[in-house]
Amino acid sequence: MGNKIANRQVICDTLLELAQSDRDIMVLASDSRGSAAMGPFAQAYPEQFVEVGIAEQNIVGISAGLAHSGKKPFVTSPACFLSMRSIEQIKVDVAYSATNVKLIGISGGISYGALGMSHHSVQDLAVTRAIPGLAVILPADRHETKRMTEALVNYEGGVYVRIGRNPVEDVYESADYDFVIGKAVTMRDGSDITLIAAGETVRIALDAEAKLKEAGVSCRVINMHTIKPLDEEEIIKAARETGRIITVEEHSVHGGLGAAVAEVVVQHHPVPLRLLGIPDEPAIAGKTKEVFEHYGISAENIKNLALDMLRQ
Amino acid sequence: MEIIELKAKAAQIRMELLRMIHGAKAGHTGGSLSNTDILTALYYRVMNLDPARPKWEDRDRFIASKGHAVESLWCILADRGFFPKEELETFSQFGTRLIGHPNNKVPGIEMNTGALGHGLAISVGMALASKRDGRGYRVFCLMGDGEQAEGSVWEAAMAGAHYKLDNLVGIIDRNGLQISGSTEEVMGLDPLDEKWAAFGWNVLSIDGNDMEQLVDTLETAPTVPGKPTLIIANTVKAKGISFAENVPHWHHHVPSDEELARALAELSAVLAGYQQEGQVR
């Protein structure tokens with residue numbers, strides 16, 4: 001693997017830089033400063049750091065109070081707990097009360113692959129995207145994480161972000177591109193089929209595209225980094241122009257990216273659609289790559305699925 | 001406002017909230033009547049606020065964690081001029097902003113509450129921001145006694161003491177009743193004072209329907225440097241109506257025409273007494 005920098009470290013580095021001139025930026029941890037890579041921030045800005053202990057309901061409530069008082073709190077806590085234990089605080093104190101809280105779900109998806117379902121977060125997109133007034137973002141690599149973090153500091157409103165634990169391969173050459181919350185990025189253009197991915201699966205979709213290209217297939221790859229507000233226009237365009245879509249996500253096939261895409265496709269321009277993700281079961285134990293391959297979230301399987309769809 | 005005026009004001013608010021609940025055919029009558037004296041003391045005497053500037057940065061903050069007892073708060077905010085009094089007629093009606101819980105689309109309401117066990121954590125965040133920014137404002141958080149069964153209350157209690165928030169005042173409307181009956185039967189809370197003291201709070205226990213005690217305690221709170229203060233305000237549910245006091249189903253009972261008339265007659269007599277006493281003084 002080329003890249004050795006995890007997205008969580010990028011968030012810390014970016015906030016360290018921005019907090020120097022923006023004293024309203026605050027970071028909160030629930031005994032999670034180590035796993036969030038926020039140790040350096042806590043050391044550099046003790047007055048802008050708050051430890052709450054292992055209390056995920058409390059971390060969101062306190063952040064809402066801080067935000068209401070003009071602060072820009074970044075809550076860093078494992079996605080599995082943050083998106084479930086604190087969901088009522090997210091719904092009421094953040095979304096409904098319209099407080100400017102950024103919820104950073106760390107070690108998301110199946111990052112804690114061997115620790116079992118208690119530590120997996122593959123229902124988080126389903127619950128967070130159902131809450132009005134909350135944006136939901138999954139950055140694909142370290143460059144996107146940097147651009148997203150900069151955007152979050154100036155974004156007014158509640159946002160749920162999910163990142164993985166380990167470094168991921170780059171999908172961008174640099175951070176020098178247009179990142180807009182709610183605007184999908186077309187990574188590869190194509191006309192036969194579209195792959196729509198988010199977060200760590202964008203890399204897999206790009207690898208599948210390379211394989212499909214060798215097989216003579218023109219494949220479009222869309223990085224849907226913002227699950228909500230969803231870039232519906234880009235989805236409808238892909239349905240209309242390529243006629244087939246495969247979604248690829250590190251999430252249950254119920255209620256996540258695939259479901260969000262399906263809601264748009266079926267109402268605006270129905271085309272054949274396949275959803276790749278974690279099935280409705282406690283995910284099998286293993287390293288991310290092993291678990292992905294087990295469930296067919298791999299470049300090879302996407303290629304085969306695409307070729308199947310093209311034959312139909 | 002002087003004590004006697006505050007007492008008269010509380011009687012007037014009770015009459016207004018009963019009319020409002022009767023008109024809307026909905027409301028949390030018992031809890032609103034038990035907390036009326038607390039809110040009257042806060043909004044007419046204790047808190048530093050300016051109805052013309054509801055978002056003034058240095059205002060004292062009030063969080064109604066027991067959000068369901070909102071009727072007294074709506075009547076008080078309207079009376080203090082945060083919004084027009086006529087709007088009270090829309091309470092609980094289609095499309096209103098005066099819903100059955102605090103709604104921060106209404107001037108004077110800080111946060112949307114209603115899900116119990118949320119308010120104290122929010123208050124901890126506000127008090128912490130006040131401290132970190134070196135501002136002087138205080139944060140008052142009103143909780144229910146039934147609400148004390150929510151685990152999130154105690155997460156926030158721990159954090160309030162840990163961060164030495166001596167600008168934070170928690171108030172428990174200790175009326176002893178919740179929707180299913182006595183709090184001690186539903187889920188025992190006592191010794192409530194010892195629990196809060198063990199969590200590191202300065203604990204005071206007062207008669208929460210006694211205006212002198214309320215003003216004395218709230219005006220000087222928080223009283224111990226380095227500690228948040230918790231006031232157990234011992235109240236009577238549905239206070240002020242002889243035939244409703246301490247009757248559990250008045251939690252959200254809507255008075256009938258006859259009950260309303262009797263209640264208003266009782267409160268009018270009390271109000272007249274205070275007004276007379278005020279003039280004599």
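How many bridges join strand β11 (residues 245-252) of chain A to strand β12 (residues 273-278) of chain A? I counted five, and the two strands run parallel. Strands here are DSSP runs of E with at least two residues, helices are runs of H or I with at least four, and both are numbered from the N terminus; two strands pair if DSSP finds at least two bridges between them.

A note on the source: this is a predicted model, where local features need pLDDT of at least 70 and side-chain atom pairs count only at pLDDT 80 or more, while totals for chains, interfaces and linings use all residues. Residues are numbered from 1 along each chain as its sequence is written, and chains are lettered from A in the order in which they are written.

Next I looked up Ile245(A), and its bridge partner in β12(A) is Leu273(A). Between β11(A) and β12(A) the chain passes through helix α10 (residues 257-268) of chain A, in a right-handed β-α-β crossover (clockwise from the first strand over the helix to the second, with the strands pointing away from the viewer).

Then I turned to the contact between the chains. It takes 21 residues from chain A and 20 residues from chain B, counting residues as in contact if their C-beta atoms, placed from the backbone, lie within 7 Å. On the side of chain B that touches chain A, α4(B) gives the most, with 10 residues.

Last, I checked Ala205(A). Leaving out residues up to four places away in sequence, Ala205(A) touches Leu195(A), Ala197(A), Val221(A), Val248(A) and Ile302(A).

Technical notes
Contact = placed C-beta atoms within 7 Å.
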